[in-house]
Amino acid sequence: MGFGQIRQRRLSDDIVEQLEKMILEGALKAGGRLPAERALAEQFGVSRPSLREAIQKLTAKGLLVSRQGGGNYVAENLGSTFSDPLLQLLENSPDAQRDLLEFRHTLEASCAYYAALRATDLDRERLREAFDALQDCYARAEEGGGAEEGAADANFHLAIAEASHNAVLLHTIRGLFDLVRRNVVINIGGMYKQRAETREMLIEQHRELYEAIVEGRAEEARSVSSRHLMYVQEVLQEVREQEARAARAERRHNL
């Protein structure tokens, strides 16, 4: 019986493995710049030639991009679920907006559940910062909502995905970030006009969700997340029905 020789593992392969793990876990984000080579080599306790070899391997895989004189970056389009042209198509389709909410309903309930089970002290601090930023937007925003509120809302849900410690959920939410943010901006104004209590309802729902997660109440976190998105779907359906009635009345008036 013959035995094959054991191939010695290169140090650069260990560095590649560590950097890939950091990308997968979200510690290194799409478009983010890596620390300078000298600093990174010191952090890993390796030589700069070994680090450069690892960076070249990750660049060949499409995970990193090296810019002449500008350092090394995680690829910009990493985890992008939708291209910009498709984003515009989805934005302009009421059916697609509904589909996104249904998808978020399934996805974010799971994120909330696992975040309540797995969040660390650092995760809870990140959640608190995102929650406070969202509450600040609610306190300052005018009735029509806006881009700042949309970004804060999406950031809060992204923080929940990070706290879930599920790499697939995290990168799916990250890939959908722009779509979710724009979805909130598009919908929020109509929701506020449709029901006077909407702003207070959203504030309370987000508070309940935040508290359930940081207090480790997993099933309640999942339930609150589901109720929150069901409420949004319900109000938006009323908005669409009202708009359809208004359009019919306008057509009759113009005959």
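**Reading the cavities**

Modeller: In this predicted model, the lining of the largest cavity divides into 8 nonpolar, 4 polar and 2 charged residues.

Colleague: How many residues line the largest cavity, and which lie nearest its centre?

Modeller: A cavity is a space where a 1.4 Å probe fits but cannot get out, and a lining residue has an atom within 4 Å of a point in that space. Here the largest cavity has 14 lining residues. Nearest its centre lie Arg104, Asp153, Val184, Ile188 and Val232.

Colleague: Which elements give two or more residues to this lining?

Modeller: They are α5 (94-118), α9 (177-194), α10 (198-214) and α11 (218-254). The largest share comes from α9, with 5 residues.

Colleague: Which residues line the second largest cavity?

Modeller: Its lining consists of Glu108, Ala154, His157, Leu158, Ile173, Phe177 and Val180. By class, this lining has 5 nonpolar, 1 polar and 1 charged residues.

Colleague: Which element supplies the largest share of the lining of the second largest cavity?

Modeller: That element is α7, with 3 residues. Both α7 (147-163) and α9 supply at least two residues each to the lining of the second largest cavity.

Technical notes
Residues are numbered from 1 along each chain as its sequence is written. This is a predicted model: local features need pLDDT of at least 70, side-chain atom pairs count only at pLDDT 80 or more; totals for chains, interfaces and linings use all residues. Side-chain values use heavy atoms; hydrogens and water are left out. On a 1 Å grid over the protein atoms alone, a cavity is a set of points where a 1.4 Å probe fits but cannot get out, and a pocket is an open set with protein on both sides within 12 Å along at least five of seven lines; lining residues have an atom within 4 Å of a point. Helices (H or I, at least four residues) and strands (E, at least two) are DSSP runs, numbered from the N terminus. Ala, Val, Leu, Ile, Met, Phe, Trp, Tyr, Cys and Pro count as nonpolar, Asp, Glu, Lys and Arg as charged, and the others, Gly among them, as polar.
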